Every structure is written in structure tokens, then in C-alpha cells.
Amino acid sequence: MKVLFISLGCDKNLVDSEFMLGKLTKHQYEVTDDETEADVIVINTCCFIHDAKEESIQSILEMARYRTEGSCRALIVCGCLAQRYQEEILKEIPEVDAVLGTNSTEHIIEAIEKVLQGGTYQAYDPLEGIEQREARRSVSTGGHYAYLKIAEGCDKRCTYCIIPSIRGAYRSVPMEELLNEARELVKGGVRELILVAQETTVYGVDLYGKKSLHLLLHELNQIPGLYWIRLMYCYPEEIYEELIEAIRDNDKVCHYIDMPIQHINSDILKRMGRRTDRRMLEEKISALREAIPDIALRTTLICGFPGETKEQHEELMQFVNDTEFDRLGAFTYSAEEHTPAAAFPDQIDEEVKEEWQADVMELQEEVIMDKNEDMVGRELDVMIEGKVADENAYIGRSYRDAPDVDGYVFLNTDQELMSGDFVRARITGAYEYDLIGELV
């Protein structure tokens, strides 16, 4: 039996997909990337914002054609969209044979077998605990880096976010399980582990009664063969002194932190349900940069939140200009049904939201160009990602760059390199988001 797997949305979703792929291959399913020859099609969906929901629905509709006209005998939908719209998917898209909720991915084989026998299947296990995985992951990121999902769910109640209702309360993965998984990944060739969760900074509070991310970093740092450990999704108000020290003092932990702040105006942050204000954010940024002078700070911002004024937008712009984040992404506010913010008065016109988002990104482009020019002449360790087609050049990433969301380092060399290799590079040039270098 051949299975086509489509994974949409965030890196946390990708980890779920890789565990399902591991289970499928363990049960002798052959993975294919050709929808015309697939006996089974599995779509792991996202619905965090409107665009993600639209992409998921469009993917289901496209694959439904192969269920009715092609060789596909089972169309399985799982993940966030399946959890959020449990009845609607089966009712509105009859080509779908089975739906699995966000805490039910271990039912994938059972679902396929039931469908192949002529039935339909639904599984929505309670959003409690951590799924016990039967099989090892099939890493889909090229083999030299992998995401390590350290927790599930979220206890924060941001007014714009649907995640707690479709992923449940915060549940940490026991540390020993994470360390075993990390060792297996490194044994399989992974050289960079990227720690992800809806929020990584409160890891361990539910299991050990205290924040324990710094302890996890220390244990991961001891794994032979692992080169980089990268931190994503650190809520600023939860960043604590021991964590900063762990980033600074463990040699494999990248001097990099992804810290989504969403805005800087204190009134907007309060309406967002965020647990920070401007002063706290400024203090946290200062503390990180003081303790770790070469730290790369990444953040994300929401433009056009309900009630946002032109003056508040300009305050955000000034903050972006003054703070000079090393990496930044800005997104327009998406009104998600069943969230408090969707019912707020003074919703902003789409045109205005898009204009403000473009303002932020244009400003950030200037900021990052200046920062990249300052990198010229410096030496950096670079992990090779691949070769540029038909050129004696390679694509790589420095400690300052997370995959898919940040920039690249382009290296010109006649030397033969492989994905996952680490090289020392001297930076010789800069683009808006990327760097050019040569081997030292």
C-alpha cells in the first residue's frame, strides 16, 4: 500500500506528521509523493489563522478528486482543522473517510484499516496527557536537523488565539522521553535540535513543579554528536534567569531565541490577553542582550488588532526601529471565530492591516540590511543545507538562522560539501536578509 502524506502548518504539526509516518512505515506502508499512485492520502491540517484554514480546506478538496477519480481508497484528515470542525468535515466533504483529532494521531493505522474495509472512522481522544508513540519518527527535514516538541497545548488565553481549545491545556513531555528521542535523532544523523511547543519557557511546571527548560538544555548539551540546540516560542514574561544562564553557558545552545511579543503598546497587549507590558518587554530584551551580547533575537508582531490606532501603530514602528531585532516577522490580525477578539468592536479594515504590516516589514528590511552589513568581516560557523544548482556554491545557516523563517549564508567554494556539514566561514557580503561568505 502506498501512502501520500501532506503536512501543513507549524513545526509542531510536522513532528506529529513524522510520528505518523514512522508508524506507517513500520506497518509496511510505502511513502510516495505522487498523488496519482497513492492508495491512501493523509492530510495533517492547520487552522491557526484564516489563511492556514483556507490552505487546509483547499488541500482536502484537491486530494478529494483522487478519492473519487483516482486510485486513492482512503482519504484521512487529521490535526487542528479536524479537531476544530469535527462534524463539518465529514458532512461537507463526503470524500473524506476518516478524521483524527490532535491527540489521536496514534489511531492512524486503525483508521486506514477501517476505511479499507468499507467504513468510516473518527477519533477524538480527550485533550489530556501526551500520546504514547509506538514507532520512531521518520524525519522529513533532510536528516541533519529536527524539531523536538517538548510540550503540547497551552494555558495562556490570548484573546485572538484558538490553540487552547484545539490542543488542550499545557502538558510537558517527560524529560527522559525527550532525552531518549533526542539521542535516537542524533544517532540517525541529526546535528541540530530545534525545541518547539506552543510555549517552551514553562516546560516542566506541570510535571516537576517548576520551570525546567534550563535543566533540559543542560541534559541535551551532554549528548555526543549533537552540535546545535535552538530555542523557539519563548514567551517573554516567562523567560527567567536560569534559562538565560543556560543559553549563555551551554556551548551547544545557540545564542538565539525566538520571543514572540506581538506588539509593544501596553493597552493593545492588555486587550490581546498578553501578560506583558512595554516596560517588561524592554527589560527582558535588555537582560538578554546584556547577558549574551551576540544573541540573535527573533520576534513576531500582529498588525491591525481590533481598536489599534494610527498612533499605536507608529509607536510600534518606532520600537522596531530603535530595538533592532535580528529577525522579525509581522502578520495581519486574523479574526478567528469563537475567540474573544473576533467580537471586539473597532475591527480594522483589511487594507489598513495590510498597509501597516507592509510598513513594519519595510522598516525591518532596513534594520536587517544594516545588521547584515555589520557582519561583513566576521567569522561564523555555518551548517550546510544544500548546493546551489549548477554553481560552485552552497546554502547554509549560521546560529542566527532558524530553518524556513530566517535567512541563509551563501558560500562560494570548489570544495565538496554535504548537507549537515559544519564549516567556518568569513562573511564577505550582505543582502537584505542573507549573507555571502567564503570558507576560512
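This is a predicted model: local features need pLDDT of at least 70, side-chain atom pairs count only at pLDDT 80 or more; totals for chains, interfaces and linings use all residues.
Asp-381 takes part in a salt bridge. Its side chain meets that of Arg-424, with an N to O distance of 3.1 Å. The two residues belong to distant parts of the chain: Arg-424 sits in strand β18 and Asp-381 in strand β15, 43 residues apart. Arg-424 is itself partly exposed, with a relative accessible area of 37%.

Arg-424 also forms a salt bridge with Glu-379. Here the closest N and O atoms are 3.5 Å apart. This pair again links distant parts of the chain, 45 residues apart. Strand β18 covers residues 422–430 and holds Arg-424, while strand β15 covers residues 379–387 and holds Glu-379. Glu-379 counts as partly exposed, at 31% relative accessibility.

A search of the whole structure finds 37 salt bridges. One of them joins Arg-167 to Glu-152, with the closest N and O atoms 3.1 Å apart. Arg-167 lies in helix α6 (residues 163–167) and Glu-152 in strand β8 (residues 151–152), so the bridge ties together parts that are 15 residues apart in sequence. Both Arg-167 and Glu-152 are buried. The pair belongs to a network of salt bridges that links Asp-16, Glu-131, Arg-133, Lys-149, Glu-152 and Arg-167.

Asp-322, Glu-324, Glu-362, Glu-365, Glu-366, Asp-370, Glu-373, Asp-374 and Glu-432 make up a negative surface patch. Helix α14 (residues 350–375) gives the most to this negative patch, with 6 residues. Another helix is represented too: Asp-322 is found in helix α13 (residues 310–323).

Cys-234 was examined next. Cys-234 is placed in the loop between β11 (228–231) and α10 (241–249). Cys-234 counts as buried because its relative accessibility is 0%, and buried means under 20%. Beyond residues up to four places away in sequence, Cys-234 touches Thr-200, Thr-201, Ile-239, Ile-257, Asp-258, Met-259 and Pro-260. Glu-290 lies 56 residues from Cys-234 along the chain, and the C-alpha atoms of the two are separated by 18 Å.

Conventions:
Residues are numbered from 1 along each chain as its sequence is written. Side-chain values use heavy atoms; hydrogens and water are left out. Patches are made of residues with over 30% relative accessible area and no salt bridge: like charges are joined within 9 Å, nonpolar side chains (Val, Leu, Ile, Met, Phe, Trp, Tyr) within 5 Å. Accessible areas come from the Shrake-Rupley method with a 1.4 Å probe; for residues, only the protein chains shown count as cover. A salt bridge is a side-chain nitrogen of Lys or Arg within 4 Å of a carboxyl oxygen of Asp or Glu. Lys and Arg count as positive and Asp and Glu as negative; His and the chain ends are not counted. The place of a charge is taken as NZ of Lys, CZ of Arg, CG of Asp or CD of Glu. Helices (H or I, at least four residues) and strands (E, at least two) are DSSP runs, numbered from the N terminus. Buried means under 20% relative accessible area, exposed over 50%, partly exposed in between (1.4 Å probe, protein chains only). Contact means heavy atoms within 4.5 Å.
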